[in-house]
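The sequence and structure are shown first.

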Amino acid sequence: MQNITIYIDDKKLEVESGKTILEVCRNNNIEILTMCHLEGVLDVGACRLCLVEIEGVNKLLSACTTKVAANMVIRTSTERIKRYQRITTELLFAERNHMCSVCVANGKCELQNLGYKVEMDSIRYPRLFPQCEVDTSHSWYVLDHNRCIMCTRCVRVCSEVEGAFNWSVKNRGYQVRIISDFNTPWGESTTCTSCGKCLHACPTGALWPKAIVQGQLDKKPEIIEELMAKRKMGL
Amino acid sequence: MNRNDLKVISEKAKEKHKKYKHKICVCCGAGCISSGSEGVLLKLQKEIVERGLQNEVEVIPTGCMGPCNQGPLVKYLPENTIYQKVDCENISQIVQSQIVEKKPIEDLLLFSDFHPKPFINAHDDPFFKKQLKIALKDCGDINPEEVEDYLAYDGYLALGKVLFQMSPEDVIAEIKHSRLRGRGGAGFPTGLKWETVYKYVSEEKYVICNGDEGDPGAFMDRSVLEGNPHRVIEGMAIAGYAVGANKGFAYIRGEYPLAIKRFEQAIKQAKKNGLLGNKILGSEFSFDIEVRIGAGAFVCGEETALIASIEGKRGTPKPRPPFPAESGLRGKPTLINNVETFASIVPILNNGGEWYSEIGTPKSAGTKVFALAGKINYSGLIEVPMGTSLREIVFELGGGIQGGGEFKAAQTGGPSGGCIPAKHLDVKMDYESLMSLGSIMGSGGLIVMDEKSDMVDVARYFMEFCMDESCGKCVPCRVGTKMMHDLLQKIYDGKGTSIDLERLEELAIYVKETSLCGLGASAPNPLQSTLRHFREEYESKIEQDID
């Protein structure tokens, strides 16, 4: 891989070509907000939090899926980007039923952290309050659709890392839901290996082990990356 | 079949048609079939045999003729007399009067319910006179179920010419010279797209025909696929030769069973005659086409979602770059064009790029097919040169507003487009002019609205459509369209405030700029264009704020 010169927020950087803008930013301590990105699985560019401005490109592009190119001039924190990050966050909170104070993930939730980062002091849009199911059919785990943000990290971890293909997505638009197998209760899944990786991959309190209460959830999303790194080395 | 055989067969087919003195075409497009044209065809065939005229009169089913709401249509050639709203009762009268007595029946002539003196030659009517049929040229004249009919109209001669006399570079140069732009809506230069795919080096490449037409009120692609499927097949094979692909897919929406049937039948006929498959016409080039049927998702018209759907995955879009030209179907370079674009390839190669580039406007060359719908007298399918004004389309071709109403707005581009108000009736229909008014060309749907239409309701309707059809992958489109729809509903119900309107406008810009694919990026267009041209309607619905 050859080195190329790029500019991020007026900083000149020598970086390896073939990397994504997100990788380069994280390597250089430039903060990019993400929600659907998870180290160790493929990126889908779905949450739109990592959008950046690139000179000469009339669209905002997602940093996680766009590769750096020579002499690219990138801006990561313009007023416009910040405004859009805030709207995205508000929409995520308004979409389903996110009640931090009673959530198992309270204090360890990536969505909650995002709210703090974008300084969300109120939600300007009407909350949708959808009636969502809570699937408690699995012996050890719970899937609470009320707290799901459809980042599909669980779907990708299950197919790309575990190879079980238990999780998938049903419906369209705001009615999308995560499903187990062909839309059967999780406990009746014939593909789930109960490995628990999806629980660590989930950024919110949508997936959690039974027998814990408010704030007790302990997530380690970094284990996915470690697993994949080991696998690449043939361990 | 080799190239010489093709010419022989073509001549033979022409001879076969010449032996008849009269030709009667019965429109068997989906529109006319739904009003009973298949029964008319059978009755007519029976009547001709009963009268012993079968050696004089040729009766064939054809594709769409255009004035769909006047169907079932029956066309008599060579005089080009079209009879409208024909039912089985009229058949013996038509045969007696037209064939035996050689007198047209005035009361049944096309548009006789609008004109005191309808035209005997339908092509004298402004509806046809103002049209220039290129993509739809033989549609309505040939039997789409017979390859010989297409061959009699010089079908596959362009493919023969391309395979034996032109290099892929020559073909691309010709298409570039024609200045043809993608007819799917965005208007990307076709030649440039072909060249990009051609330049990527890969053992495997693909050509995809996008027939997942989903805009409400649009049926251009359906009519082409139903009326002249071989034209699309020939265009795809030429594209395959030009970009270096040996495999093509036609993605047709499942709601078009007749188009799927006729297209699959046409593929079989083409293969049987050596016009598809291994070593086409005895050349070194092989090309095969498979049909894939869409399962009813509007978003699958977006190219990356369409590719995912062909791969057997959930039809959701992927961020671009990489573009399909670089990494498309199965990660290979893929050319993806709309049905109408492929239908325009053959005439360009037959008549030359120069000829095509001189039609239309400097930036938008050629012709565009529009599907006229809504409060217009003649709804149906038309093809006009780019740059024809909206006024001409609505008042001359379309015969004006139903019931003598007043023109209020025309909606182009479906849920991705916008509304053009009466004061811009003289806008030239081309990519740039429509864009400057906040609408888009889109795939060609054109819905005409009269003074009774509520523009807030129009915006609400299209937002509901986008909300339902959003794939749900990215946040701005999934939640943003729902929020915008709810706000529009609130305003429409008379419960909105000026703050709601403010939020709506902010969300529109946000969804437009941040969405992953074209569906979300264009979902706010109907809202923004109605706000731009009919803001007072929104304001009149908003409750007066209490200070």
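## Interfaces and salt bridges

R80(A) and E513(B) are joined through their side chains in a salt bridge, with N and O 2.5 Å apart. The structure is a predicted model. This pair belongs to the topic of the contact between the two chains, which is taken up next.

**Chain A against chain B**

Between chain A and chain B the count is 4 salt bridges. A network of salt bridges links R86(A), E90(A), D121(A), R124(A) and E506(B). In polar contact across the interface of chain A and chain B are 17 residue pairs, both residues being at pLDDT 80 or more. On the side of chain A that touches chain B, β4 (61-62), α2 (79-95) and β8 (167-170) of chain A each supply at least two residues. Of these elements, α2(A) gives the most, with 9 residues. By class, the residues on that side of chain A comprise 19 nonpolar, 6 polar and 8 charged.

In terms of contact, 33 residues of chain A meet 31 residues of chain B. The area buried between chain A and chain B is about 2,800 Å², and carbon and sulfur atoms give 59% of that area. L91(A), R172(A) and Y174(A) together supply 23% of the area that chain A buries against chain B, more than any other three residues.

**The two domains of chain A**

Chain A is assigned domain 1 (3-77) and domain 2 (84-232). The C-alpha centres of domain 1 of chain A and domain 2 of chain A are 25 Å apart. Their contact takes 15 residues from domain 1 of chain A and 23 residues from domain 2 of chain A. Between domain 1 of chain A and domain 2 of chain A, about 1,600 Å² is buried, with 66% given by carbon and sulfur atoms. M35(A), L38(A) and L49(A) supply 38% of the area that domain 1 of chain A buries against domain 2 of chain A, more than any other three residues.

The interface of domain 1 of chain A and domain 2 of chain A has 1 salt bridge. E31(A) and K117(A) meet through their side chains in a salt bridge, at 3.2 Å from N to O. Across the interface of these two domains of chain A, 7 residue pairs are in polar contact, both residues being at pLDDT 80 or more. The side of domain 1 of chain A that touches domain 2 of chain A has 10 nonpolar, 2 polar and 3 charged residues.

**Domains 3 and 4 of chain B**

Chain B is divided into domain 1 (20-125), domain 2 (147-357), domain 3 (367-450) and domain 4 (455-541). The C-alpha centres of domain 3 of chain B and domain 4 of chain B lie 22 Å apart. In this pair, 17 residues of domain 3 of chain B are in contact with 15 residues of domain 4 of chain B. About 1,200 Å² is buried between domain 3 of chain B and domain 4 of chain B, and carbon and sulfur atoms give 63% of it. Within domain 3 of chain B, K408(B), P415(B) and C419(B) lose the most area to domain 4 of chain B, together 43% of what that side buries.

Across the interface of domain 3 of chain B and domain 4 of chain B there is 1 salt bridge. Residue pairs in polar contact between domain 3 of chain B and domain 4 of chain B number 7, both residues being at pLDDT 80 or more. Strands β11, β12 and β13 (445-450) of chain B each supply at least two residues of the side of domain 3 of chain B that touches domain 4 of chain B. The residues on that side of domain 3 of chain B are 8 nonpolar, 8 polar and 1 charged.

Over all chains, the whole structure holds 48 salt bridges.

| Pair | Closest N to O distance |
|---|---|
| R292(B) and E290(B) | 2.9 Å |

K408(B) lies in strand β11 (residues 407-412) and E537(B) in helix α23 (residues 535-541) of chain B, so this pair ties together parts 129 residues apart in sequence. K408(B) is buried at 15% relative accessible area, and E537(B) is also buried, at 14%.

How values were computed. Residues are numbered from 1 along each chain as its sequence is written. Chains are lettered from A and ligands numbered from 1 in the order in which they are written. This is a predicted model: local features need pLDDT of at least 70, side-chain atom pairs count only at pLDDT 80 or more; totals for chains, interfaces and linings use all residues. Side-chain values use heavy atoms; hydrogens and water are left out. Helices (H or I, at least four residues) and strands (E, at least two) are DSSP runs, numbered from the N terminus. Buried means under 20% relative accessible area, exposed over 50%, partly exposed in between (1.4 Å probe, protein chains only). Domain bounds come from an automatic or database domain assignment. Contact means heavy atoms within 4.5 Å. Buried area is the accessible area (1.4 Å probe) that two parts lose on being put together, summed over both. A polar contact is a pair of N or O atoms within 3.5 Å; within protein, one must be able to donate a hydrogen and the other to accept it, and residues adjacent in sequence count only if both atoms are side-chain atoms. Ala, Val, Leu, Ile, Met, Phe, Trp, Tyr, Cys and Pro count as nonpolar, Asp, Glu, Lys and Arg as charged, and the others, Gly among them, as polar.
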